[in-house]
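Here is a short report for a reader meeting this structure for the first time. Keep the sequence and the 3D view at hand while reading.

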Amino acid sequence: MTAAFTVRVKDETASKLDQLAEKLDRSRSYMAAEAIEAFVEQQEWQLTEIEAGLAEADRGEFASDDDVAKVVGKYVKSARQS
């Protein structure tokens, strides 16, 4: 089952969407639906991960000082070597 609704976007965005749809041999509607589905999926994932992290923090589950130092050290060394 699908639902239909209207979305207003800037003319420039609509034009870019039309160009992409033409290059991919798809309709504007198909491209918009794909974009919305991808956005919703990404937002759901992100919010689920944030909620899981907050629940861990509420339980007092944090990385140790050593764990944090290892991660920071990894990236600080990489930046210095670049």
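Over residues 5–42 the chain is 74% helix and 0% strand. The end C-alpha atoms of this stretch are 21 Å apart. The model is predicted. In UniProt, an unreviewed entry places the feature "domain: Ribbon-helix-helix protein CopG" at residues 5–42.

**Helices**

Helix α1 covers residues 11–23. Helix α2 covers residues 28–58.

**Salt bridges**

How many salt bridges does a search of the whole structure find? The search finds 3. As background, side chains of opposite charge can pair when their charged atoms come close.

| Salt bridge | N to O |
|---|---|
| Glu12 and Lys16 | 3.2 Å |
| Arg28 and Asp18 | 2.8 Å |
| Arg59 and Glu61 | 2.9 Å |

Take Glu12 and Lys16. Both residues lie in helix α1. They are 4 residues apart, about one turn of the helix. Glu12 counts as exposed, at 53% relative accessibility. Lys16 has 48%, so this residue counts as partly exposed: the cut-off for exposed is over 50%.

Next come Arg28 and Asp18. Their side chains meet in a salt bridge. Which parts does this pair tie together? Arg28 lies in helix α2 and Asp18 in helix α1, so the pair links parts that are 10 residues apart in sequence. Arg28 is partly exposed, with a relative accessible area of 44%. Asp18 is partly exposed too, at 31%.

The remaining pair is Arg59 and Glu61, whose side chains meet at 2.9 Å, N to O. Is Arg59 buried or exposed? Arg59 counts as exposed, at 53% relative accessibility. Glu61 is partly exposed, with a relative accessible area of 43%.

**A nonpolar patch**

Phe5, Val7, Val9, Ile36, Phe39 and Val40 make a nonpolar surface patch. The patch has an area of about 570 Å². One of its members is Val40. Where does Val40 sit? Its place is in helix α2. Val40 has a relative accessible area of 39%, which makes the residue partly exposed.

Methods
Residues are numbered from 1 along each chain as its sequence is written. This is a predicted model: local features need pLDDT of at least 70, side-chain atom pairs count only at pLDDT 80 or more; totals for chains, interfaces and linings use all residues. Side-chain values use heavy atoms; hydrogens and water are left out. Patches are made of residues with over 30% relative accessible area and no salt bridge: like charges are joined within 9 Å, nonpolar side chains (Val, Leu, Ile, Met, Phe, Trp, Tyr) within 5 Å. Accessible areas come from the Shrake-Rupley method with a 1.4 Å probe; for residues, only the protein chains shown count as cover. A salt bridge is a side-chain nitrogen of Lys or Arg within 4 Å of a carboxyl oxygen of Asp or Glu. Helices (H or I, at least four residues) and strands (E, at least two) are DSSP runs, numbered from the N terminus. Buried means under 20% relative accessible area, exposed over 50%, partly exposed in between (1.4 Å probe, protein chains only). UniProt positions are given in the numbering used here, feature names are shortened, and annotations may be inferred rather than shown by experiment.
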